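Hi there,

Here is the structure I promised to pass on to you. Please open it alongside this email, and read my notes below as you look around.

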Amino acid sequence: VQLVESGGGLVQAGGSLRLSCAVSGNTFSDYTMGWFRQAPGKEREFVAAINWIDDMTTYADSVKGRFTISGDNAKNTVSLQMNSLKPDDTAVYYCAVDSVAKFRVVKVSATPRSYDYWGQGTQVTVSS
C-alpha cells in the first residue's frame with residue numbers, strides 16, 4: 001500500500017492551500033482516511049478524518065471552520081482544503097489509512113495508532 005501526498009508549500013497567513021493524497025495498492029473496504037500534522041519538536045497531532053461508508057467526518061478543534069476534508073472512495077483519494085491559514089498551522093502534513101475502521105465502534109479515529117498506513121508527508125509553511 002502506498003500513500004502519496006501533494007500540494008504543500010509556502011503561503012502567507014490568511015491564505016489557502018489544498019493537499020491531496022492518493023492511495024494505491026489497497027484491497028480493503030470501508031476504511032477511514034485521515035490527515036495528521038507534526039511541527040518541529042512537537043508530537044504528531046490529528047487534523048481531520050473521513051469515512052465514506054458512514055458518511056462521517058471529524059476535525060480537530062484547532063482547524064474546525066477553516067479546513068475541509070473530502071475524498072473520492074472510488075478513486076482512493078482524499079483532499080484537505082485549508083483556508084485562513086495561520087503560522088501555527090506550519091507543519092509536515094501526513095495522510096494515513098485506518099484499514100480496519102469497520103471493526104471500530106467509531107470509525108473516524110483521531111488517534112495516530114489507529115492508522116496503519118502512512119504517507120511520507122508534505123511540508124506546509126505559513127508565514128506571518
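**The disulfide**

The torsion about the S-S bond of C21 and C95 is about 50 degrees, so this disulfide (a pair of cysteine sulfur atoms within 2.5 Å) is right-handed. C21 sits in strand 3 (residues 17-24) and C95 in strand 9 (residues 91-98), so the bond ties together parts that are 74 residues apart in sequence. Strands here are DSSP runs of E with at least two residues, numbered from the N terminus. The two sulfur atoms are 1.9 Å apart, and a search of the whole structure finds one disulfide. Both C21 and C95 are buried, where buried means under 20% relative accessible area, exposed over 50%, and partly exposed in between (1.4 Å probe, protein chains only).

A word on the source: this is a predicted model, in which local features need pLDDT of at least 70 and side-chain atom pairs count only at pLDDT 80 or more, while totals for chains, interfaces and linings use all residues. Residues are numbered from 1 along each chain as its sequence is written, and side-chain values use heavy atoms, with hydrogens and water left out.

Take a look at Y93: its contacts (heavy atoms within 4.5 Å) include W35, F67 and M82, not counting residues up to four places away in sequence.

**The salt bridges**

How many salt bridges are there? The count comes to seven, with a salt bridge being a side-chain nitrogen of Lys or Arg within 4 Å of a carboxyl oxygen of Asp or Glu. R37, E45, R66 and D89 are linked in a network of them. The R37 and D89 pair links distant parts of the chain, 52 residues apart. R37 is buried at 5% relative accessibility, D89 is buried at 2%, and E45 is partly exposed at 34%. R66, in the loop between strand 6 (56-59) and strand 7 (67-72), is buried at 10%.

Enjoy exploring!

Note on methods. Helices (H or I, at least four residues) and strands (E, at least two) are DSSP runs, numbered from the N terminus.
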